[in-house]
Structures are given as structure tokens and as C-alpha cells.
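User: Could you take me through the sheet and the aromatic contacts of this structure, giving the reasoning behind each answer?

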Amino acid sequence: MSLRRSAFTLIELLVVIAIIGVLIALLLPAVQSAREAARRAQCLNNLKQLGIALHTYHDANGMFPLGRTIPFDTSYSSIARILPFVEQTTVGNAMNVDLSWSGLENQTVTTTNLSLLLCPSDSAELPVGWAGTNYRANEGTRVSMWHGSSDPGGVNAGMPAPNGLFFASVGIKAADIRDGLSQTAVFSEHVLGDFDNTRATRDADTFWPQTYPANADDAVRLCREMDWRDVQYQRVSDVGAPWIYGYHSTTSYWHSGPPNSVSCMFPPSRIMTIANSRHPGGVNVGMADGSVRFIKETVNLETWRALGSRNGGEVISADAF
């Protein structure tokens with residue numbers, strides 16, 4: 001009698017390995033998609049909490065918080081002002097808005113990261129001491145960084161008035177949102193910066209096309225014509241931090257350009273910081289009624305601008321998104 005040892009042949013092993021590889025390749029996108037769905041849901045929840053806090057602040061103060069102020073050293077963001085209404089009273093009480101946000105008196109607050117302000121889809125690592133936020137306040141559809149009392153030099157005197165819910169030293173009430181609370185954005189997203197001016201990062205950086213727009217359409221065109229890969233157009237990489245600071249590169253965004261496009265600045269005093277995110281295909285938006293939506297990056301620009309305006313009189317159809 002002869003004894004034969006049963007075993008897999010090399011070809012059989014290779015076939016099994018190939019099958020396992022195919023199964024993993026099929027399964028991985030589904031797992032990644034499920035994880036991103038969970039991260040996006042958490043991000044939406046963060047925005048919803050901020051939206052609810054905004055209304056609680058309004059009830060207590062008779063208006064929404066200021067988006068920013070002048071001078072720069074005491075410009076506190078709207079997010080910083082609503083912290084006591086999102087169960088962050090300790091952090092809010094530690095902040096002294098009568099002093100410089102960057103002073104030693106506010107250093108603890110300036111370096112305190114809050115999970116509520118960070119979208120889990122953005123894995124960027126901030127430098128030590130820079131507490132960041134992915135959430136921004138809507139300043140409308142214009143391209144003015146300053147206007148009216150905040151523009152003593154009159155650079156934007158001939159430009160239309162700001163039409164968002166936040167602006168420099170401007171207090172907005174719910175009654176001022178004539179387009180309807182459910183039709184007007186209050187917060188959206190922006191990815192964190194790379195904090196490195198030696199390299200260009202499309203979504204994270206703010207660029208300077210070295211041109212000057214007359215209006216929002218002009219700004220969109222000039223920003224698109226610029227080659228953002230050319231580091232000569234690099235302007236601001238310290239984006240999204242600190243959250244205490246009310247400024248275009250930290251806590252504000254505009255609906256002048258489409259979501260997930262390039263952010264540009266046009267000194268003196270004109271800006272187009274847009275909403276963007278790490279979510280595939282669009283951005284999360286918090287509405288003035290406390291609801292939240294995911295808006296596709298392919299949204300019609302006029303519809304996107306209508307969402308950013310509080311008093312434009314636009315009618316947005318239910319199937320516009």
C-alpha cells in the first residue's frame with residue numbers, strides 16, 4: 001500500500017489568494033463608504049447643535065452674534081460667542097472678549113480644541129497650540145471683506161451691502177431674514193489649512209490671483225483663471241485656526257463662489273472664501289431654522305447664492321438640490 005499526503009497545489013493556493021483579494025477589493029469601498037456616512041452624520045450633528053445654539057443666543061440677546069469686529073486683535077468669532085449655549089460654559093467663561101484674543105489672558109481658550117468644532121472627515125493635524133474649526137459663518141454672496149462702518153477708507157463704498165447672517169460689527173435679527181429661515185444658510189464647512197506657505201494645497205489654502213474683481217462673478221472668473229499650483233499665488237495657509245478669531249481665513253465663508261471650488265482673496269478688502277469639505281461630492285450646510293442639509297457641489301450657482309442671501313427675495317424650489 002502507498003501513502004499519499006493530500007495538500008493544496010501551488011495553483012490552488014494562488015486561486016484562493018486571488019479570490020480573497022477580489023473579495024477584499026469589493027468589500028473595502030463599501031466599508032469606506034459606511035465609515036464616511038457615519039463621519040458625515042456626525043458632522044451634520046455638529047452643525048445642528050451650532051444652529052440650535054444660535055437661536056438660544058438670539059433668544060437671550062435679541063439678535064444673532066456678531067461674525068467679527070474691528071480692530072483685528074479683539075475680533076471674536078460668532079462660534080466663540082455661542083459656546084455657552086453648546087454646553088461649553090467653562091470655556092466660554094474663560095474667554096475675555098474685552099482683551100486681545102491672542103493675549104496671554106485668552107491663551108488657554110485659544111489652544112483648546114473642541115470636538116464639536118471639528119468634522120471627523122477632515123484628518124488634518126493642526127500645529128500644537130492651534131485650536132481649529134471646520135465650521136464657518138455665512139457672510140453672504142458679496143465679495144466685500146469690509147463695508148460701511150468697518151470700511152472707513154471707503155474701498156467698498158460702491159459695492160452692495162452685505163447680505164449674509166454675519167458680517168463685521170453688524171448684528172442681524174431673525175426678522176431680518178426675509179427669505180425665510182428654512183431657505184437661508186447660517187453655517188457650512190471649510191477644511192483645515194496645511195500651515196505651510198511653501199506648498200499649495202487646493203482646498204486648504206487661500207490664494208491671491210493678483211487681480212481685482214468688480215463683483216462676485218468677476219471673482220469666480222479670476223479665481224478659476226489662476227493656476228493655484230503656482231506658489232506665487234499662495235497667500236494664507238493658516239486656515240481654520242484658532243476658532244476664537246473672527247476672520248475670513250478662520251471662521252467665515254461666502255456664497256459668492258460654488259462649494260468645493262478654490263478660495264481667493266483680492267486685497268485690498270475683497271474676498272471669496274468658499275465652503276468646502278472632505279465629504280465626497282459636496283458640503284454640509286446648517287440652515288437658519290436649525291435644520292441641516294448636504295448640498296452637492298454641482299448645485300446651480302444661483303441656487304447656492306440664494307441660500308447664502310438673507311434678503312434677496314429668491315424662491316428656491318424643492319428639487320433645486
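Predicted model: local features only at pLDDT ≥ 70, side-chain atom pairs only at ≥ 80, totals over all residues.

User: In the open sheet of 5 strands, which strands stand at the edges?

Analyst: The order in this open sheet is β5-β1-β2-β8-β9, and the pairing is mixed. Each edge strand has a single partner strand, so one side of it is left without a neighbour in the sheet. The strands in that position are β5 (252-253) and β9 (292-296).

User: How many bridges join β2 to strand β8?

Analyst: Strand β2 (residues 185-189) pairs with strand β1 (residues 135-138) in the antiparallel sense over 3 bridges, and in that pairing Tyr135 stands opposite Glu189. Towards β8 (residues 282-287), β2 again runs antiparallel, with Phe187 having Gly286 as its bridge partner. The number of bridges joining β2 to β8 is 2.

User: How many residues of β2 are buried?

Analyst: In the order of the sheet, β2 stands between β1 and β8. Counting as buried any residue under 20% relative accessible area, β2 is mostly covered, and the number of its residues that are buried is 5 of 5.

User: What kind of aromatic pair do Phe72 and Tyr247 form?

Analyst: Among the 8 aromatic pairs of the structure, the one formed by Phe72 and Tyr247 has a distance of 5.6 Å centre to centre. This pair links distant parts of the chain, 175 residues apart, since Phe72 is in the loop between α1 (10-61) and α2 (78-81) while Tyr247 is in the loop between β4 (234-236) and β5. With 90° between the planes, the pair is edge-to-face.

User: Which ring does the charged end of Arg40 sit over?

Analyst: The structure has charged ends placed over aromatic rings, including that of Arg235, which sits over the ring of Trp208 at 4.5 Å from its centre. For Arg40, the distance of the charged end from the ring centre is 4.1 Å, and the ring is that of Phe294.

Methods. Residues numbered from 1 in each chain as written. Heavy atoms only, no water. Pairing = 2+ DSSP bridges. Helix = DSSP H or I, 4+ residues; strand = E, 2+ residues; numbered from the N terminus. Phe/Tyr/Trp six-rings, centres within 6.5 Å; stacked < 30°, edge-to-face > 60°. Lys NZ or Arg CZ within 6 Å of the ring centre and 35° of its normal. Buried < 20%, exposed > 50% of the residue type's maximum accessible area, 1.4 Å probe, protein only.
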